[in-house]
Structure formats: structure tokens, C-alpha cells
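Have a look at the structure first, then go through the notes.

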Amino acid sequence: MTAPSVDRALDVVVYGASGFVGRLVAEYLAEHAPGTRVGLAGRSRERLEQVRDGLGPAAAGWPVVVADAEDDAALADLAATTRVVVTTVGPYSRHGMPLARACAEAGTHYADLAGEVLFIRETSQRLHDTARRTGARIVHSCGFDSVPSDLGAFLTAERARADGAGELLATTLAVRSASGGVSGGTIDSMRIQVDAGRDPGNRRILADPYALVPDRADAPEVDQHTPSQPFRDAQTGTWVTTFPMAAFNSRIVHRSNALSGWSYGREFRYREVVDLGPGSRGRRRAQALSLATGAAAGVMAFPPTRWVADRVLPSPGDGPDEETRRNGHFRMEVLARTTTGARYRTVVAAQGDPGYAATSVMIGESALALAHDGPRLPGGGGVLTPATALGTVLADRLVAAAFEITTERLD
């Protein structure tokens, strides 16, 4: 069964439109989605109307929908009015399940920015079968978490398959450069993850690279360990350390591989690193980033330092200023070797702060793909990933939105 399309009043509803990231997504749609029927949703009619009034003539006729994240009836009504809900209201483990459930039951496509393993594991277990039955695509992690990682691995595997070059083996995503800011919502999500990790059972799940695959017993026995200390990359000669987002992104990539029938390969090994450059300077920078990452986790976990951090870090609703968002950027490369010995490189890069300016493009185009590109999208409904729900359609849309996405065979 496919999700309803012709009987919905709206194409896309932005839930959380009065929040920091929600406003950015609404701005993107107002500028880049002419003809799309858009609505703005959240808890406060007054704040939603203020956002709409600031978006200019393109949004003048957009309706506002009042719905609290804990009001099941209001969320069900919301889901029934639109083909797609895009939600920026996190932490998702606290606020996300009722809306995801409403969309799965209504056959309404859903996209979010979740970077929370435990939340996605729960939706996968509770909503996947329902979404498959109704045709709803429940698509998590449609921003910097984890579109570059997920599309990068997917496009590399697709190109190798098209070339007859076999399946992927050792695959590394390397962050070559990135700059941007941080929002209060991101900090709040970090707090939730740290708190959840206090439970031993949750810690075991969070440590499992296959935590999000549908059938853990079917996962291949491949060592996915990445060195905990900085090391010199043998291919590039530069110093690298584990990318702070790797512990989440890699889970999404492995779920994509599993949902596609392990099409990347059952010997697929995936890691993510940050490239800090060659020589002693690169080594010092890699060591500094590694220490900073560990220190940030320690600050959140230790009550006295967390009390201080809570008072100096951005609060929910705050984020980087317009200049920071405009001047930010990211460039990532996925390097892979296949079972035939072929080597591939996929580049995913964009101008704009990764977590906000570029993320608003990624989730905005994800929503538009769900709303308008149904016949071209892969597969059917379920709790999916950007790669398995949107695939090359999203990649093409992002390229049209000035992203650089290329895949080449190196030998």
C-alpha cells in the first residue's frame, strides 16, 4: 500500500517551525519550494504566525496548525492533513515518538533530524511494520546527521555495483574540512544521550555498531573497531582521529546496508575520521581534537561541571548567527576498496554551516522528495534511512541545490 497523496490538504508541514532550526527550514521552503502547499505547526499560534509573517509573500497564505508534542489527538489530526511532516522538535527521545507514531498510522511521510540511537531503535521496533503497511516513509537523520555519511556510502556501493567491481570492504569517511556553530537544541540532545548512557543496558546498545539493524542475529561478524587514539592514515599520510559524530552516523550506514539486503557487502567495514593534516602539526591537532571530544563527554557526565556547562552553553532555541551560518562549510570524502581490489572516492560537500544552513537544505529537500517524487523513490514504507528512503533522488536534489556530490573510480 502507498501513502495517500491526492486527498491531503497540504504537501509539507514543518513541525517546530518557531524553533531555531524549524525557522531555517521554513525559510528554505519559502524560497525554494514554489507551488508546494506548506503549513507551519507547533505549540503556539502566535509564534507560528510571527514566523510566517517574517517569511515574505511566498508564505503569506500558509496555514498554521497548533499541536502539542504530547497531544495524540492533535498530532493525529495534523498527520491526516498533509503528505509529509518534517519535524525539528528534539530531543526526539523526549518529544518524537507520538508524532512519528501518528505519521506511521496515517500513512504520512515523516522526516526528522534525530541523532539519537535509542530513539531510532525504538521507532524501528515499534513502527516499522505499521509504516510498511500504510506506506509511510519514516525517515530519520535527514541533516548533517547523517545525510553525507549515508548517501556517501550508498553512492559508493551503487557505483561499484554498476561497474561490476564487487562489494565494499574497508570504507572510511574522512572529514577534510568543516566549520560552523552549535545550537541549544544540539546541546540538549547531547544531555539526553549522556543521561541514557548511565544505564548499563543502554550503554551496550550504544556501543554496538549494529544497534540499528533490523535483525541483530543476521549482522555479519566484522570488526568495526576504530582506534580510540589519533593515528596516521596510511593512504593519505595525514593524521586523523575519530569523527565525533561517527558513533551515530555509522549506525545509520549499517542500517542502510541491512535494509538493502546487505548490498554494500557482508564484509563491509565502515569508520569515520577527521583529517587534521600531515606532520607534527597534524598530529598535535588530532590529539587536541581527541582530547576535546573526550572532555566534552566528561563535562556532560560529571554533575558539577555539567551544572557550569548548562549555564554557559546555548539554550534550546538559540544557535549560531547568520554570518556563521553563511560562512560555514563542510567537505567529506568516502574512500572505499572493493572485493575486486578497485578503489572509489565519493565527495559530499556544501557551503553553509553544516548543522544549520546546510542541514536546512538537506531536510528541506528530503521533505520535497517525499512530497513530490514518490514514483522515483526506492522501495516502500517503513522506518528508513535517507539512503533507503530517498537514495539518488535526494542526491540529485542536493546537487541542484549547489551541493557537490561526485563519485569516481580511482583505479
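Predicted model: local features only at pLDDT ≥ 70, side-chain atom pairs only at ≥ 80, totals over all residues.

Helix H16 turns up in two of the packing pairs below, against H7 and against H14. The largest nonpolar core holds 109 residues, and a second, separate core has six.

**Helix packing**

Two packed helices are described by the angle between their axes and the distance between the axes.

- H7 (residues 147-162) and H16 (residues 391-400) have axes that come within 10 Å of each other, crossing at roughly 115°. The crossing of H7 past H16 is left-handed.
- On the H7 side of that contact you'll find Val 147, Leu 151, Phe 154 and Leu 155, which meet Gly 391, Thr 392, Leu 394, Ala 395 and Leu 398 of H16. Sorted by class, the H7 contact with H16 comes to seven nonpolar residues, two polar ones and no charged ones.
- H14 (residues 357-372) also has an axis that comes within 10 Å of the H16 axis, this time with a crossing angle of roughly 125°. That angle makes H14 oblique to H16, and the crossing is right-handed.
- From H14, the contact draws on Val 361, Met 362, Glu 365, Ser 366, Leu 368, Ala 369 and His 372, while H16 supplies Val 393, Leu 394, Arg 397 and Leu 398. The class tally for H14 with H16 is seven nonpolar, two polar and two charged residues.
- Leu 394 and Leu 398 of H16 are worth a click: they are among the residues that meet H7, and they also take part in the contact with H14.
- H3 (residues 72-81) packs on H5 (residues 97-106) with the axes 9 Å apart and an angle of about 45°, so H3 and H5 are oblique to each other. H3 passes H5 in a right-handed crossing.
- In this pair, Asp 72, Leu 75, Ala 76, Leu 78 and Ala 79 of H3 meet Pro 98, Leu 99, Arg 101, Ala 102, Cys 103 and Ala 106 of H5. The contact of H3 with H5 counts nine nonpolar residues, no polar ones and two charged ones.

**Nonpolar cores**

In soluble globular proteins, nonpolar side chains tend to be buried together.

- Which residues touch the most other members of the largest core? They are Tyr 15, Leu 29, Leu 40, Trp 62, Phe 330, Leu 398 and Phe 403. Helix H14 gives the most to this core, with nine residues.

**A closer look at Val 222**

- Val 222 sits in the loop between helix H9 (200-207) and strand E8 (231-232). Its relative accessibility is 14%, so Val 222 counts as buried.
- Leaving out neighbours within four places in sequence, Val 222 is in contact with Tyr 210, Arg 266, Glu 267, Phe 268 and Arg 269.

Most residues other than glycine have a negative phi, and most peptide bonds are trans.

- The Gly 90 to Pro 91 peptide bond is cis, with omega near 0°. Pro 91 is in the loop between strand E4 (82-87) and helix H4 (92-95).
- Another cis peptide bond joins Asp 145 and Ser 146, with omega about 5°. Ser 146 belongs to the loop between strand E6 (137-139) and H7.
- Ser 141, also found in the loop between E6 and H7, has a positive phi of about 65° without being a glycine. Ser 141 is buried, at 0% relative accessibility.
- Ala 402 has a positive phi too, about 85°, and lies in the loop between H16 and strand E14 (404-409). Is Ala 402 buried or exposed? Ala 402 is exposed, with 65% relative accessible area.
- Gly 341 is in the loop between strand E11 (329-338) and strand E12 (343-351), and counts as partly exposed at 31% relative accessibility. Gly 341 and Asp 411 are 70 residues apart along the chain, and their C-alpha atoms are separated by 8.5 Å.

Methods: Residues numbered from 1 in each chain as written. Heavy atoms only, no water. Axes fitted to C-alpha atoms, helices over the stretch in contact; angles between N-to-C directions. Helix = DSSP H or I, 4+ residues; strand = E, 2+ residues; numbered from the N terminus. Left-handed = near helix turned anticlockwise from the far one by under 90°. Contact = heavy atoms within 4.5 Å. Nonpolar A, V, L, I, M, F, W, Y, C, P; charged D, E, K, R; others polar. Parallel < 35°, antiparallel > 145°, perpendicular 65-115°, else oblique. Core = buried A, V, L, I, M, F, W, Y, C linked by side-chain atoms within 4.5 Å. Buried < 20%, exposed > 50% of the residue type's maximum accessible area, 1.4 Å probe, protein only.
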